[in-house]
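Hello,

Here is the structure we spoke about, for you to keep and look through. My notes on it follow below.

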Amino acid sequence: MDHALRLARRGLGNTWPNPAVGCVLVQDGRVVGRGWTQPGGRPHAERMALDQAGADARGATAYATLEPCAHKGRAGPCSDALIAAGVARVVTALTDPDARTAGQGHAKLRAAGIEVVEGVRTAEAAALQRGFLKRVAEGLPMVTLKLAASLDGRIATASGESQWITGEAARRHVHLLRLQHDAIMVGGGTARADRPSLNVRGFGPVRQPVRIVVSDRPVQGLAEEDANHGPLWQVSGDLRAALSGLAEQGLTRIFCEGGGMLAAQLLADDLVDELVFYSAGLVLGADARPAIGPLGLTKLAAAPRFELQGSFRLGPDLCQHWTRLAS
């Protein structure tokens with residue numbers, strides 16, 4: 001299952017509106033097939049693993065990070081494919097919350113005489129599938145807020161100079177995170193002032209993320225959609241309603257890169273699920289521009305709180321990964 005989870009991670013940012021799933025087929029202690037959900041959501045991981053295994057799938061154990069689907073889309077259900085291939089055992093991490101499957105995949109497998117083991121590495125799989133699970137359960141995508149700031153939480157000097165606060169290694173890591181998200185979001189002010197590319201660079205040909213600008217006014221001057229730039233969508237109004245609309249269009253994972261006012265609004269509305277903070281070893285002072293705009297807090301108890309998941313060095317900088325604590 002650990003192997004299947006690593007495979008699933010390869011699909012993050014590439015499979016929406018489908019979840020990023022990994023599957024490993026094992027026969028007599030030997031991996032005979034493996035797969036992960038392909039860009040655009042098809043083929044599914046189980047289909048990729050079965051095609052690789054061929055006849056060796058008969059009698060094998062399948063390890064899948066999500067319950068095999070039970071509904072027919074552009075291809076037949078993965079549960080039916082596993083049955084037809086003659087697998088003897090299926091081990092899963094999560095039950096698919098999609099109403100079209102929701103336990104029916106497991107039931108089909110058991111009805112066909114296949115042993116089913118559920119709940120292996122559930123916590124790890126749920127963390128990996130946080131965007132998909134939130135979209136199904138709450139009708140909202142997962143939001144990751146990225147901040148890159150000085151030691152005193154500033155993102156630019158008082159005059160607006162900001163390139164570059166963090167070093168090359170941190171900036172490359174940002175592109176990796178962009179690659180693992182369905183969309184990149186910025187505010188209208190950032191879009192007009194910086195004309196950001198909002199794309200993934202340095203990883204070869206990839207499925208570029210959707211570019212989202214939050215603004216009530218039209219934004220001009222950003223690159224047109226092409227092989228190096230994803231589609232450009234503009235949203236306005238209530239952020240929760242805007243995110244709900246983006247989820248309806250299939251987005252599961254959104255990477256927010258600023259600016260300070262948008263970050264504050266997302267935090268104030270309890271819409272940030274994960275926070276990635278790049279801290280650089282310089283101090284800019286109180287007259288510099290803050291990473292997060294005003295929150296209007298009068299009591300500490302009302303402050304958004306996060307739990308540290310890990311930290312590591314990126315060249316001269318420090319990267320911290322935080323997840324939102326329940327209110």
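**Overall picture**

The protein has ten helices and 15 strands in its secondary structure. Its radius of gyration is 22 Å, close to the 20 Å that the globule rule gives for 327 residues, so the protein is as compact as a globular protein of that length. Please keep in mind that this is a predicted model. The C-alpha trace spans about 70 × 40 × 35 Å along its principal axes. Buried residues make up 50% of the 327. If we take contacts between residues at least 6 apart in sequence, 70% of them join residues at least 24 apart.

**D182**

D182 sits in the loop between α7 (168-179) and β8 (183-187). Is this residue buried or exposed, and which side chain of opposite charge is nearest? D182 is buried but has no salt bridge. The nearest side chain of opposite charge belongs to R253, 5.2 Å away, whereas a salt bridge would need the charged atoms within 4 Å. R253 is still one of the contacts of D182 beyond four places in sequence; the others are G13, W16, P209, V210, L251 and T252.

**I155**

I155 is part of strand β7 (residues 154-156). Its relative accessibility is 26%, so I155 counts as partly exposed; the cut-off for buried is under 20%. Not counting residues up to four places away in sequence, I155 touches A148, A149, S162, I165, R289, P290 and A291. I155 and G260 are 105 residues apart in sequence, while their C-alpha atoms are 8.6 Å apart in space.

Regards

Definitions and conventions: Residues numbered from 1 in each chain as written. Predicted model: local features only at pLDDT ≥ 70, side-chain atom pairs only at ≥ 80, totals over all residues. Heavy atoms only, no water. Helix = DSSP H or I, 4+ residues; strand = E, 2+ residues; numbered from the N terminus. Buried < 20%, exposed > 50% of the residue type's maximum accessible area, 1.4 Å probe, protein only. Lys, Arg positive; Asp, Glu negative; His and termini not counted. Contact = heavy atoms within 4.5 Å. Rg over C-alpha atoms; globule rule 2.2 N^0.38 Å.
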